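This report is written for a reader who meets the structure for the first time. Please look over the sequence and the model before reading on.

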Amino acid sequence: MSIVASAAGRGSSTGLWGVRFDDGSYLRVDTGSSDARKVEIDGDSRVAKVADALTMVTLDSLWPSLEHGTHEGRMELGRGAASMAWMERYL
């Protein structure tokens, strides 16, 4: 799963930008600025970048483990459009 926001703005009250999944898990990053910045999160390699620089997700973030089926991911904190992509895997 990958999440990309080309111009993510941090939430005014938290200073974070984040996505929440239907099971309650979420991924959040501190963008480090009030300016809009590119955010990239790669769930397969568990790597997060803000403005092309490696960063960490917050300590309370949980990398989602989504089972087969329909799921919802939604921007929870911050502003700006984001896209999410994933690869179906069958065993």
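**The chain as a whole**

The model is predicted. The chain has 8 strands and 0 helices, and its elements run β-β-β-β-β-β-β-β from the N terminus on. A compact globule of 91 residues would have a radius of gyration near 12 Å, and the 13 Å of the chain agrees with that. Taken along the principal axes, the C-alpha atoms fill a box of roughly 45 × 25 × 25 Å.

Of the 91 residues in the chain, 33% are buried. The chain exposes about 5,800 Å², and carbon and sulfur atoms supply 51% of this area. Among the contacts with a separation of 6 or more, 61% are between residues 24 or more positions apart.

**How the strands pair**

| Strands | Bridges | Residue pair |
|---|---|---|
| Strand 1 (residues 2–8) and strand 4 (residues 37–42) | 5 bridges, antiparallel | Ala 5 and Val 39 |
| Strand 4 and strand 5 (residues 47–50) | 4 bridges, antiparallel | Val 39 and Val 50 |
| Strand 2 and strand 3 | 5 bridges, antiparallel | Arg 20 and Tyr 26 |
| Strand 2 and strand 7 (residues 73–77) | 4 bridges, antiparallel | Gly 18 and Leu 77 |

Strand 4 is joined to strand 1 by 5 bridges and to strand 5 by 4 bridges. Val 39 takes part in both pairings: this residue is the bridge partner of Ala 5 and stands opposite Val 50 in strand 5. Strand 4 and strand 5 form a hairpin with 4 residues between the strands, and Arg 46 takes a positive phi near 55° in this hairpin.

Strand 2 also pairs with two strands, over 5 bridges with strand 3 and over 4 bridges with strand 7. On the strand 3 side, Arg 20 stands opposite Tyr 26; on the strand 7 side, Gly 18 stands opposite Leu 77.

Is strand 2 mostly covered or uncovered? It is mostly covered, with 6 of its 6 residues buried. One side of strand 2 carries Leu 16, Gly 18 and Arg 20, the other carries Trp 17, Val 19 and Phe 21, and all of these are buried.

The largest nonpolar core has 14 residues. Which residues have the most contacts inside this core? They are Ile 3, Trp 17, Phe 21, Leu 27, Val 29, Val 39 and Ile 41. At least two residues of the core come from each of strand 1, strand 2 (16–21), strand 3 (26–30), strand 4 and strand 5.

Leu 27 can be followed through its contacts beyond four places in sequence. These include Met 1, Ile 3 and Ile 41, together with Trp 17, Gly 18, Val 19 and Phe 21. Leu 27 is also in contact with Val 57, Ser 61, Leu 62, Trp 63 and Pro 64.

**A loop residue**

Gly 24 lies in the loop between strand 2 and strand 3. Why does Gly 24 count as partly exposed? Its relative accessibility is 32%, and partly exposed covers the range between under 20% for buried and over 50% for exposed. Gly 24 and Pro 64 are 40 residues apart along the chain, and their C-alpha atoms are separated by 8.8 Å.

Conventions:
Residues numbered from 1 in each chain as written. Predicted model: local features only at pLDDT ≥ 70, side-chain atom pairs only at ≥ 80, totals over all residues. Heavy atoms only, no water. Pairing = 2+ DSSP bridges. Core = buried A, V, L, I, M, F, W, Y, C linked by side-chain atoms within 4.5 Å. Buried < 20%, exposed > 50% of the residue type's maximum accessible area, 1.4 Å probe, protein only. Contact = heavy atoms within 4.5 Å. Rg over C-alpha atoms; globule rule 2.2 N^0.38 Å. Areas by Shrake-Rupley, 256 points an atom, 1.4 Å probe, with all protein chains shown as cover.
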